Amino acid sequence: MEHPILNRIQQESFTPFGWFAPTDLGSTKFIILIGNAGPAMFRRFCREGGGIMDDWTRRVVNSLAQDLGATAAFPFDAPYLPFQQWARAAGNIYQSPLGLNIHKVYGLWHAYRAALLFPTAVGLPRPIASLHPCESCRTKPCLSACPVSAFNGRKYEVDACIGHLHSRNNCTESGCLARLACPVGVPFRYEKPQMQFHMNALKAAHELRPDRR
Ligand code: B12
Ligand code: SF4
Ligand code: SF4
């Protein structure tokens with residue numbers, strides 16, 4: 001869809017996933033959820049020197065938000081904001097049996113980098129709803145691909161996953177086998193360096209959890 005705000009977001013290498021008008025967020029009257037799908041954002045991040053992605057995101061998105069007359073909220077800031085719920089409210093994004101959200105086009109290969117919070121409504125039409133891709137996925141291969149059964153359809157067994165990531169022949173090199181088993185969004189699978197970057201970030205984030213210190 002063509003719109004000056006959406007075009008500006010894309011120029012900055014982010015994907016605008018969707019938008020909605022919240023009813024319970026005080027002075028915020030409109031939210032646009034942005035993030036990465038496909039390689040564009042990660043390529044820019046690498047071109048600009050890499051490093052800590054959250055710091056880079058904060059710098060780039062704060063400047064974008066200021067240009068657009070918005071403020072930014074980030075998924076990595078505690079207390080955690082319900083980004084996955086916001087994404088589902090924003091349109092064409094659904095919860096998969098892995099707990100991760102699935103997008104009708106990008107599949108599991110997308111993540112949220114920020115929410116742009118606007119003080120007034122933005123004239124964007126409600127996205128046309130699609131069908132939940134998991135409903136027509138009969139065999140649900142994502143649920144049986146993990147070598148340590150970290151997913152049971154109700155819960156993600158973080159310790160089992162991380163234990164495997166610290167073993168030999170783990171998923172750090174290939175990427176998460178459960179996500180790779182999904183037939184939706186295959187053209188948007190992360191490239192190898194991005195796959196490895198996120199797996200290493202997951203290991204590092206787990207080390208930093210307060211109950212692991
Ligand atoms: C803490 C955290 C983690 C922790 C613990 C996660 C956990 N499952 O226990 C660790 C570090 C282990 C982790 C791991 C990963 N995470 Co994480 N994580 C977060 C974070 C920062 C906060 C989650 C939270 O508490 N939110 C607050 C609650 C109120 O919001 P909510 O939307 O209602 O969240 C609910 C759901 O997440 C649900 N849920 C979580 N896991 C599962 C699993 C199942 C099976 C089900 C049914 C439900 C469910 O429970 C939450 C509470 O109700 C979010 C960002 C964010 N702000 O949401 C990212 C986020 C959820 N993670 C994300 C990702 C991609 C991952 C990884 C794949 C890492 C990677 N390598 O890329 C893995 C695997 C995640 C998985 N399968 O759940 C993405 C998901 C994107 C998407 N498409 O949905 C998010 C949104 C970050 C982002 N920048 O986009 N994560
Ligand atoms: S493999 Fe099927 S059930 Fe699993 S996330 Fe993909 S579409 Fe949904
Ligand atoms: S990264 Fe590997 S061990 Fe962790 S959930 Fe995915 S398939 Fe399982």
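Modeller: First a term: helices (H or I, at least four residues) and strands (E, at least two) are DSSP runs numbered from the N terminus. This is a predicted model, with pLDDT of at least 70 needed for local features and 80 or more for side-chain atom pairs, while totals for chains, interfaces and linings use all residues. Residues count from 1 along each chain as written, chains are lettered from A and ligands numbered from 1 in written order, and side-chain values use heavy atoms without hydrogens or water.

Colleague: Backbone first. Where is Pro 79 found?

Modeller: Pro 79 is in the loop between strand S3 (71–73) and H4. A cis peptide bond joins it to Ala 78, with omega at about -5°. Most peptide bonds are trans.

Colleague: And what is the phi of Ser 13?

Modeller: Positive, about 80°, although Ser 13 is not a glycine. Ser 13 belongs to the loop between H1 and S1.

Colleague: On to the pockets. What volume does the largest pocket have?

Modeller: About 2,000 Å³. On a 1 Å grid over the protein atoms alone, a pocket is an open set of points with protein on both sides within 12 Å along at least five of seven lines, a cavity is a set where a 1.4 Å probe fits but cannot get out, and lining residues have an atom within 4 Å of a point. Points join across faces, edges and corners, and the volume is the space filled by probe spheres set on them.

Colleague: How many residues line the largest pocket, and which lie nearest its centre?

Modeller: The lining has 49 residues, and Leu 100, His 198, Ala 201, Leu 202 and Ala 205 lie nearest the centre. Two or more lining residues come from each of helix H3 (53–68), helix H4 (83–90), strand S6 (110–118), H5, H6 and helix H7 (192–208). H7 has the largest share, with nine residues.

Colleague: What about the classes in that lining?

Modeller: There are 34 nonpolar, ten polar and five charged residues. Here Ala, Val, Leu, Ile, Met, Phe, Trp, Tyr, Cys and Pro are nonpolar, Asp, Glu, Lys and Arg are charged, and the others, Gly among them, are polar. Domain 1 (4–118) and domain 2 (133–212) each give at least three residues to the lining of the largest pocket; the domain bounds come from an automatic or database assignment.

Colleague: Which pocket is the space taken by ligand 3?

Modeller: The largest pocket. A molecule sits in a pocket or cavity if more than half of its atoms lie within 2 Å of its grid points. The residues around ligand 3 include Cys 146, Phe 151, Cys 161, His 164, Cys 171, Cys 176 and Met 199, where being near takes a heavy atom within 4 Å. That shell has eleven nonpolar residues, one polar and no charged. Helix H5 (158–165) and helix H6 (177–180) each supply at least two of its residues.

Colleague: And the second largest pocket, how much space lies in it?

Modeller: About 370 Å³. It is lined by 17 residues, with Met 1, Pro 16, Phe 17, Trp 19 and His 103 the closest to its centre. Helix H1 (4–11) and strand S1 (15–20) are the elements giving two or more residues to this lining, and S1 has the largest share, five residues. By class the lining divides into nine nonpolar, six polar and two charged.

Colleague: Which ligand sits in the largest cavity?

Modeller: Ligand 2. Around it are residues such as Ser 96, Pro 97, Ile 102, Lys 140 and Val 184, among them also Cys 134, Cys 137, Cys 142 and Cys 182. Domain 1 and domain 2 both give residues to the shell around ligand 2, so the ligand lies between them.

Colleague: Last one: which residues line the second largest cavity?

Modeller: Trp 109, Cys 176, Arg 179, Tyr 190, Met 195, His 198 and Met 199. Its volume is about 40 Å³, and H7 gives the largest share of the lining, three residues.
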